[in-house]
Amino acid sequence: MNLSNVNLAKGRSMLDVRGLQKVYEGSGRRVEAVRDLTFTVEAGELVCLVGPSGCGKTTLLKCVGGLLTPTAGEVFLGGERVTGPPPGMAVVFQEYGRSLFPWMRVRENVELPLKQKKLPSARRRELVADALESVGLTDAAGAYPWQLSGGMQQRVAIARALAYEPDVLLMDEPFAAVDAQTRAELEDLVRGLWRQRGITILFVTHDIDEAVYLGERVLILSSSPTVVQEQLKVDLPAERDQLHTRVAPRFAELRTHVYEQIQAAKRGTPVDRVVKDQRLP
Ligand SMILES: Nc1ncnc2c1ncn2[C@@H]1O[C@H](COP(=O)(O)OP(=O)(O)OP(=O)(O)O)[C@@H](O)[C@H]1O
Ligand SMILES: [Mg+2]
């Protein structure tokens, strides 16, 4: 499937998740991780998914990425049903430690998917160098992942996803292991890339401020078994920066609302409340 053409048509639904359910079964244990999730992500949109720990965020991303088969429901990408990992999609996993190959140098790890894409070597070198530069790891190109800190390893995983030039990028709590300063820089990097390249991003986090800062829309998930509790449009200006956006009164209103919704989700009672100036569905 070539997603590039679909991606150009901004405003079309790129990702369509319908009635998704995932039940893990085995060893006499049955866990209904996701009960009934329905949402769409438009082409070129940056959507953040936020929900309490263990509510099924990683499970959902694995189903979207074609790495897990849903128990019920369907995922469509660019109008085609997802049955395996779709080309044109990159995933940054939560468990970065397991996502890099320890026997390959940083540069080779980043280059690997480009080889699978059959890009010529000069182009591969260029993309690898650009991606490593954008995450501040140019100097680590020749190191092995195990020689790097956790945060650096995660930045390698991010560089690998960026170098691939995906149409759709799935990110699973990608900044959980990096320090606050780097995290802020990486958040801006993701938003910058999103604005420059018009890619579609589904970004999972349990950090409410991060979800509001990054997203054009925030989907709030309930506790397990999971449903979409609410969808919130983030009506902050597109131009955001760490200093001003986070102290804006509107930012505070939105984050408070998301916080209340998550607390309510934990209790199992959705709050029926309207954020000032925005009727919520
Ligand atoms: N392979 C598996 N087999 C059985 N149960 C699983 C498996 N993977 C996840 N689960 C269960 O499914 C539920 C959701 O897990 P998942 O990892 O998707 O949540 P999460 O929202 O990503 O959590 P976190 O915020 O901690 O990353 C949990 O109860 C978990 O124990
Ligand atoms: Mg997870």
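A pocket here is an open set of grid points with protein on both sides within 12 Å along at least five of seven lines, and lining residues have an atom within 4 Å of a point. The model is predicted. By that rule, T58, K62, L67, F93, Q94, E95, R98, S99 and D172 line the second largest pocket. About 210 Å³ of space lies in it. Its lining divides into two nonpolar, three polar and four charged residues.

Turn now to the largest pocket. The space in the largest pocket is about 490 Å³. Its lining has 20 residues, and M89, A90, V91, P113 and R160 lie nearest the centre. Three elements each supply at least two lining residues: β6 (89-92), α3 (106-116) and α5 (150-163). Strand β6 gives the most, with four residues. By class, the lining of the largest pocket holds 15 nonpolar, three polar and two charged residues.

Rolling a probe the size of a water molecule over the atoms shows where empty space is left. The count comes to one cavity of 30 Å³ or more. About 40 Å³ of space lies in the largest cavity. Its lining is made by T58, L61, K62, L67, V91, F93 and D172. Helix α2 (residues 57-64) gives the most here, with three residues. The cavity lining has four nonpolar, one polar and two charged residues.

Key. Residues numbered from 1 in each chain as written. Chains lettered and ligands numbered in written order. Predicted model: local features only at pLDDT ≥ 70, side-chain atom pairs only at ≥ 80, totals over all residues. Heavy atoms only, no water. 1 Å grid on protein atoms, 1.4 Å probe; cavity = no way out; pocket = protein on both sides within 12 Å on 5 of 7 lines; lining within 4 Å. Points joined across faces, edges and corners; volume = space filled by probe spheres on them. Nonpolar A, V, L, I, M, F, W, Y, C, P; charged D, E, K, R; others polar.
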